[in-house]
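Work through the exercises below with the sequence and the model at hand. Each task is followed by a solution in steps.

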Amino acid sequence: MKNNAVIKILFVENSVEDAEQIISLIRNAGIAVRPARATNADDFKTALDDLRPDLVLFNSAISSLPLREVAKLIDSSGRDVSLVANVSQLDGQSVSSLFADGVHGVALRSQPRQFVTVVQREFEALNTRRQVRRLESALRESERRCDALLDSSNDAIAYVHEGMHVRANRSYLDTFGYDDFDDLLGLPILDLISSEHADALKGLLKDHSRDEKAPPSMELQARRADGSSFPATIEFAHATFEGEACLQVVFRRQLVDPALVEHLQRDAVTGLYVRARTLEFIDEAVASAAEGLKGQALLLVEPDNWTNAIAGIGLGRIDDLLHGIAGLIDDLLGPDDIAGLMAEHTFGILLHSSSDEAIKAWIAQLQQQVANRIFDAGERSISLTISIGGSLLAEKNANAELLLNQASTALRSAQGQGGNRNELHDPTAREKADEERERNWLAQIRQALEQDDFVLHHQHIISLQDADGDYSEILLRMHGPQGEVQPGIFMPIAEKHGLTAAIDRWVLDKAISALTARDAHGGNTTFFVKLTTESLQEPGLLPWLAQRLKQANLKRGQIVLEMTESRVVTLLRPAQEFVSGWKKIGGRFALEQFGSGLNSFQLLGHIEADYLKIDRTYMAGLPQHPENQQKIAEICQQSHEMKKQVVAEWVEDAASTSLLFACGVDFVQGNFLQEPQLLVL
């Protein structure tokens with residue numbers, strides 16, 4: 001599931017608190033949620049139209065709205081919605097009854113991991129169904145366009161079913177000397193081939209008709225209606241004609257030198273295939289994997305510390321370095337292996353091997369040869385290492401985009417662990433690899449705390465209402481072997497091992513120091529700083545903050561601590577106590593992802609927040625979603641009545657900024673307005 005996907009969930013649930021707990025559970029698994037709740041049929045029908053949910057979570061204990069009626073309402077709406085039963089326990093009889101009443105899945109509240117897995121599975125299945133419908137529509141449109149283009153094409157194209165012609169274009173008729181298609185209808189294609197190639201073509205047609213692996217083209221002598229012949233290449237592609245599976249055949253006269261075509265598909269510097277041709281090979285490998293072929297792998301290779309390497313040899317000698325690496329890769333390729341240049345200094349390699357061990361051995365051999373080689377670049381010489389990320393290819397991940405993403409993720413992970421590493425995506429070994437990766441990241445986090453290897457950026461928060469002073473959000477990064485590391489990578493591991501409170505103190509200490517320095521130069525700055533749940537429950541944080549603020553002599557309100565609404569809901573009492581104590585010593589508080597819960601404003605009766613940062617899901621494509629604009633306007637109106645200020649994050653464009661101003665938003669923030677900048681400490 002994509003990380004940025006938002007699941008719209010309609011809860012059929014009596015208890016708001018139970019629904020909020022489930023929302024927090026799903027969000028804690030890294031899934032964004034847009035919720036709504038219904039307890040009766042009228043509410044349910046309204047929510048179906050307003051929310052347009054992806055998923056309906058039905059609490060089997062609810063009595064006011066029977067499951068059968070929920071399923072009936074979904075069916076009558078005409079929407080493709082996954083219906084999942086939310087149960088407290090499982091037994092065979094009840095599960096059978098639930099599925100008989102129309103549910104697609106059963107999620108167990110007492111097993112959080114199973115619950116989240118069911119939600120993810122149903123959402124992915126729904127997206128698959130949607131994608132199939134889009135593809136079917138695109139296929140129908142493509143077939144209509146292909147039929148229109150067929151007659152206008154200069155290529156000789158025909159459709160063949162069981163060896164007989166069923167359709168041909170004008171160019172095909174002219175090529176073979178026929179005046180009308182009726183002369184070809186039902187004629188075997190073998191009648192257009194010279195006798196010495198007939199048996200070979202017959203076998204090739206049988207292989208294609210059985211969906212067996214067969215060459216996509218064949219060179220032969222074609223025969224015209226008058227008995228004359230000419231050399232040609234016949235190309236095959238699976239197609240449909242009037243709903244029947246058939247073969248599309250294209251006859252091309254041999255006017256182009258195959259050696260010249262091959263030369264044009266090669267990169268001039270490295271001698272490897274160019275990106276476009278490499279992607280075609282990847283598509284072919286994916287198609288073979290979808291048909292059951294095993295033993296393939298896609299590898300992505302990059303030199304480590306590329307910027308330093310360029311500085312060492314100069315820009316004019318990059319080609320020498322790339323040529324040298326490409327030569328080592330080419331020397332190790334087998335007869336069926338493919339290598340190409342995917343980007344400026346990224347090599348893509350398709351390996352065909354009988355075993356995973358052979359692929360891993362190939363990777364180790366390449367890394368060793370590169371590490372042992374001294375590369376000559378003009379008058380200079382350089383040694384370097386490479387990182388390799390890859391993915392084993394099988395039917396399960398037979399999708400070109402997915403395969404490239406898996407290999408790219410593996411490459412970035414290998415680089416993040418220090419370079420001269422390799423990582424191979426293999427679902428069967430995922431847990432073991434995750435444990436090793438976690439150990440490496442944990443060591444880096446501890447080292448960063450000990451050696452001050454964290455770094456802070458700040459992003460301006462711009463006032464739309466002419467507020468006094470400057471406002472910025474503090475953004476945490478960590479120095480890694482290959483550059484700065486985003487908190488989304490290391491903070492979950494830090495949280496798991498109880499290190500987030502120490503990181504929070506480091507951030508707060510540096511932020512207070514930066515504010516002190518700015519105040520000394522006449523500044524008037526307010527910093528928004530994120531706070532983790534571990535810090536929220538640490539007894540010593542408030543006394544430490546009180547002492548640190550007093551020492552810095554900052555004005556009240558210059559530090560705004562912020563937490564997500566979903567985290568505060570799950571820790572309401574400790575959050576209430578912390579915020580109360582924090583405000584007593586001069587701090588302010590902000591709720592992030594506000595408006596993402598079932599009743600966000602009810603939370604403000606317990607938590608005294610000064611700023612409300614609207615949930616980022618409302619910002620995606622804001623000009624195209626009037627319902628989101630209306631929701632933001634409602635949040636602003638209600639917030640201002642309560643004397644709260646509203647911040648909109650992740651603003652994408654000028655049109656969104658204008659709309660947010662019209663809605664009454666007080667502050668806006670986003671990369672469109674200003675990219676994060678290094679905080680000078």
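## Exercise 1: a strand and its hairpin

Strand β12 (residues 338-343) is largely enclosed by the rest of the structure, because five of its six residues are buried. Buried means under 20% relative accessible area, exposed over 50%, and partly exposed in between (1.4 Å probe, protein chains only). Strands (E, at least two residues) and helices (H or I, at least four) are DSSP runs numbered from the N terminus.

The model is predicted: local features need pLDDT of at least 70 and side-chain atom pairs count only at pLDDT 80 or more, while totals for chains, interfaces and linings use all residues. Residues are numbered from 1 along each chain as its sequence is written, and side-chain values use heavy atoms, leaving out hydrogens and water.

Task: state how β12 is joined to strand β13 (residues 346-352).

Solution. 
1. The two strands run antiparallel, and five bridges join them; strands pair if DSSP finds at least two bridges between them.
2. Ala-343 has Thr-346 of β13 as its bridge partner.

## Exercise 2: salt bridges

Solution. 
1. A salt bridge is a side-chain nitrogen of Lys or Arg within 4 Å of a carboxyl oxygen of Asp or Glu. The structure holds 26 of these salt bridges.
2. For Arg-68 and Asp-101 the N to O distance is 3.0 Å.
3. Arg-68 is exposed, because its relative accessible area is 56%.

Task: describe the placement of the salt bridge between Asp-174 and Arg-170.

Solution. 
1. The closest N and O atoms of this pair are 3.3 Å apart.
2. Both residues lie in helix α6, and because they are four residues apart, about one helical turn separates them.
3. Arg-170 counts as partly exposed, with 36% relative accessibility.

## Exercise 3: a partner pair in helix and loop

Task: locate Arg-505 and Glu-538, which form a salt bridge.

Solution. 
1. Their closest N and O atoms are 2.8 Å apart.
2. Arg-505 sits in helix α16 (residues 500-520), and Glu-538 in the loop between α17 (533-536) and α18 (541-552), 33 residues apart.
3. Arg-505 is partly exposed at 23% relative accessibility, and Glu-538 is partly exposed at 24%.
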